[in-house]
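Here is a request for a short report on one protein chain.

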Amino acid sequence: MEPSTASTAATVSDTTTRRSSWLRDPTRRPGWFGDLAMLPALIVLIVVLSAMTDGLLDPSNIINVLSQSTVVAIAAIGATFVILTGGIDLSTGSVIGASGVAGAWIVTSSGNLAAGIAAGLFTGAVIGLVVGIVVARLNVVPFAVTLAALYVVTGCTTLLSHGRTIAPMPIGFIRFSIVGPGGVPYAVWLAVVLYVIAQIAVTRTAWGRRVLHVGASVEVARISGVNVVRTRTSVYAVAGLFSAIAGMVLTSGLAGAGASMGSPLLLNIVGAVVLGGTRLSGGRGSLLRTGIGVLFLGFLSNGMSLLGLPSFDQQIVTGSFIFLAASADGLFRRLR
């Protein structure tokens with residue numbers, strides 16, 4: 001071998017070694033690399049389902065999957081923030097219903113769409129703030145507080161709406177979930193923008209760092225000067241706001257609002273966060289992980305529907321995937 005050829009080969013080999021070393025060394029990997037751990041599973045799922053069904057990857061069906069996943073995706077942003085602090089929010093579905101009903105009631109009563117949207121968002125943020133105050137300042141277990149909030153909020157919303165669906169809504173508001181640039185509804189584009197903003201908030205702001213510190217260790221965060229009470233309170237308020245946005249989007253898609261319209265979504269909302277790999281004990285996770293989890297559940301549900309599986313079979317399959325994801329996270333931490 002010529003000296004120049006040998007030198008070139010050695011250089012290429014050295015470059016390849018350096019490029020692959022960061023994959024083997026966790027301390028040298030970029031932050032986003034770990035967030036893509038669930039992406040291969042999503043790709044495998046899509047490939048398998050596309051081979052078993054007809055039309056899964058048709059552009060119209062992909063848009064349908066994105067549209068059907070929008071409400072879960074938006075609410076899962078708030079759920080991610082809560083779980084990052086080591087908490088849990090079981091009231092998400094009830095807040096979606098309460099916000100939608102509050103907004104729809106104002107719109108149908110006054111005809112003012114802007115006022116209705118503002119009322120819906122305000123309702124969700126206030127409910128989240130109250131829950132956060134009880135959890136953080138009174139140091140009550142989040143599971144108990146949010147479970148109680150689920151019943152109270154659902155009951156109050158049902159009472160105020162007399163158990164009826166509040167409709168009709170303005171045509172322009174309904175079209176928000178139907179049409180949009182490139183054939184993709186505006187609601188989907190809104191979800192994308194919210195994910196970008198939320199990811200930046202977690203990774204690039206002091207508030208996001210405080211959220212992660214509280215989830216990793218409350219005592220260490222407190223010693224480091226983090227106001228744990230304020231941080232935990234703000235997280236639940238933000239979660240309430242995102243649930244309210246999801247409620248208004250769902251109201252747009254249904255052309256009306258009812259007290260229980262968000263209740264069936266709780267499993268998918270929390271499940272998307274868990275499937276994405278956000279640690280239930282807090283301190284590790286991102287919105288990119290949650291987004292992949294949302295898409296996984298969206299394509300899984302759509303594929304099962306195309307296969308003609310009954311709804312109870314779909315629930316079994318979905319629950320099994322969530323169980324496996326949670327178990328895999330626990331097993332991985334034990335092995336590590």
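Phe81, Trp207 and Phe242 are linked into a cluster by ring pairs. The model is predicted: local features need pLDDT of at least 70, side-chain atom pairs count only at pLDDT 80 or more, and totals for chains, interfaces and linings use all residues. Residues are numbered from 1 along each chain as its sequence is written, and side-chain values use heavy atoms, with hydrogens and water left out.

**Aromatic pairs**

A pair of aromatic rings is described by the distance of the centres and the angle of the planes. Rings of Phe, Tyr and Trp (its six-membered ring) pair if their centres lie within 6.5 Å. Planes under 30 degrees apart count as stacked, over 60 as edge-to-face, and the rest as tilted. The count by this rule is four aromatic pairs. One of them joins Phe81 and Trp207: the centres are 5.2 Å apart and the planes stand at 75 degrees, so the pair is edge-to-face. Phe81 sits in helix H4 (residues 59–84) and Trp207 in helix H10 (residues 206–216), so the pair ties together parts that are 126 residues apart in sequence. Helices here are DSSP runs (H or I, at least four residues), strands likewise (E, at least two), numbered from the N terminus. Phe81 and Trp207 are both buried. Buried means under 20% relative accessible area, exposed over 50%, and partly exposed in between (1.4 Å probe, protein chains only).

Phe296 and Phe321 also form an edge-to-face pair, with 5.3 Å centre to centre and 70 degrees between the planes. This pair links distant parts of the chain, 25 residues apart: Phe296 is in helix H14 (residues 287–307) and Phe321 in helix H15 (residues 311–335). Phe296 is buried at 3% relative accessibility. Phe321 is partly exposed, at 30%.

**Pocket and cavity**

Both terms rest on a 1 Å grid over the protein atoms alone. A cavity is a set of points where a 1.4 Å probe fits but cannot get out; a pocket is an open set with protein on both sides within 12 Å along at least five of seven lines. Lining residues have an atom within 4 Å of a point. Points are joined across faces, edges and corners, and a volume is the space filled by probe spheres set on the points.

The second largest pocket holds about 780 Å³ of space. It is lined by 33 residues, and the closest to its centre are Gln68, Val72, Leu265, Asn268 and Ser301. Two or more lining residues come from each of H4, helix H9 (186–204), helix H12 (228–254), helix H13 (266–276), H14 and H15. By class, the lining of this pocket has 17 nonpolar, 16 polar and no charged residues. Ala, Val, Leu, Ile, Met, Phe, Trp, Tyr, Cys and Pro count as nonpolar; Asp, Glu, Lys and Arg as charged; the others, Gly among them, as polar.

There is one cavity of 30 Å³ or more. The space in the largest cavity is about 30 Å³. Its lining is Asp89, Ser91, Val95, Ile127, Gly128, Val131, Tyr236, Ala239 and Gly240. Helix H6 (113–137) and H12 each supply at least two of the lining residues. Five lining residues are nonpolar, three polar and one charged.

Contact means heavy atoms within 4.5 Å. The contacts in the table leave out residues up to four places away in sequence.

| Residue | Relative accessible area | Contacts |
|---|---|---|
| Ser243 | 1% | Thr92, Val95, Ile96 |
| Leu307 | 36% | Leu49, Met52, Thr53 |
| Gly277 | 16% | Arg284, Arg289 |

Ser243 lies in helix H12 and is buried. Leu307 belongs to helix H14 and is partly exposed. Gly277 is in the loop between H13 and H14 and counts as buried. Its C-alpha atom is separated by 8.0 Å from that of Ala326, 49 residues apart along the chain.

**The chain as a whole**

How many helices and strands does the chain have? The secondary structure comes to 15 helices and zero strands. Of the 336 residues, 44% are buried. Among contacts between residues at least 6 apart in sequence, 75% join residues at least 24 apart. The chain exposes about 16700 Å², and carbon and sulfur atoms supply 68% of that area. Accessible areas come from the Shrake-Rupley method with a 1.4 Å probe; for residues, only the protein chains shown count as cover.
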